[in-house]
Amino acid sequence: MDRHSNPALMDQTKLSARERILRTAHVLFYREGIRSTGVDRIIAEAGVTKVTFYRHYPSKNDLIVAFLDYRHRIWMPWFQDALQRHGNNLLAIAPVLQEWFADPSFRGCAFINALGEMGGSMPEVVHRVNQHKAELRKVIEGLLPENCDREDWASAVAMAIDGAVVRAEWGEPTEALHGFNQLIEGVYCLKPQT
């Protein structure tokens, strides 16, 4: 997701105050973490007053939930478009991941990161993560052949994606992609049926 495909990185001068706050939070939460990004910094970088901030987002928790909703709205279309560009089948996932991992702004999965930071204290975060991951599994199901247990395989592939993303975030994208490819190539339902 580069500057051209990520609306959060586009010129914010024509946006409403609410959108500037959300997009600024999106960039900072994803890049630097939710806990380490204070409201005062978001206010300063969005160019709004405290009154304006709190009128739109009564608490940081409200902004965290809005951030996850926003991330989902921009990431899922990007993922589906990237799948289309790479063949729109299960084997397309690895080049899509490679594209994502190569993006200079890549810092792992925003949902896994948010769960790690806030999951224990914010049930709303857990709910948003579950919703995002469920939609991801549905997209993966659509890539699988009909002659296999699509729901189970989609869950397994989604888990492999999460593992690859975490490993890439640790600074090992090549190893992450190699391991992911090994798993996908071994998926029974992709083998020719005799």
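**Exercise 1.** Find which residues of α9 are buried, and work out how they are arranged around the helix.

*Solution.* Start with the list: Ala-176, Leu-177, Phe-180 and Ile-184 are the buried residues of α9, where buried means under 20% relative accessible area, exposed over 50% and partly exposed in between (1.4 Å probe, protein chains only). Seen down the axis of α9, these residues fall within an arc of 95°, so they line one face of the helix; the arc is that of the directions from the helix axis to the C-beta atoms. An α-helix has 3.6 residues a turn, so residues three or four places apart point the same way. Now turn to the face away from the buried side: Thr-174, His-178 and Glu-185 are exposed there. Finally, look for the partners: the buried residues of α9 pack against α5 (93-102) and α8 (150-169).

A note on the model: it is predicted, so local features need pLDDT of at least 70 and side-chain atom pairs pLDDT 80 or more, while totals for chains, interfaces and linings use all residues. Residues are numbered from 1 along each chain as its sequence is written, and side-chain values use heavy atoms, leaving out hydrogens and water.

Note on methods: Helix = DSSP H or I, 4+ residues; strand = E, 2+ residues; numbered from the N terminus. Contact = heavy atoms within 4.5 Å.
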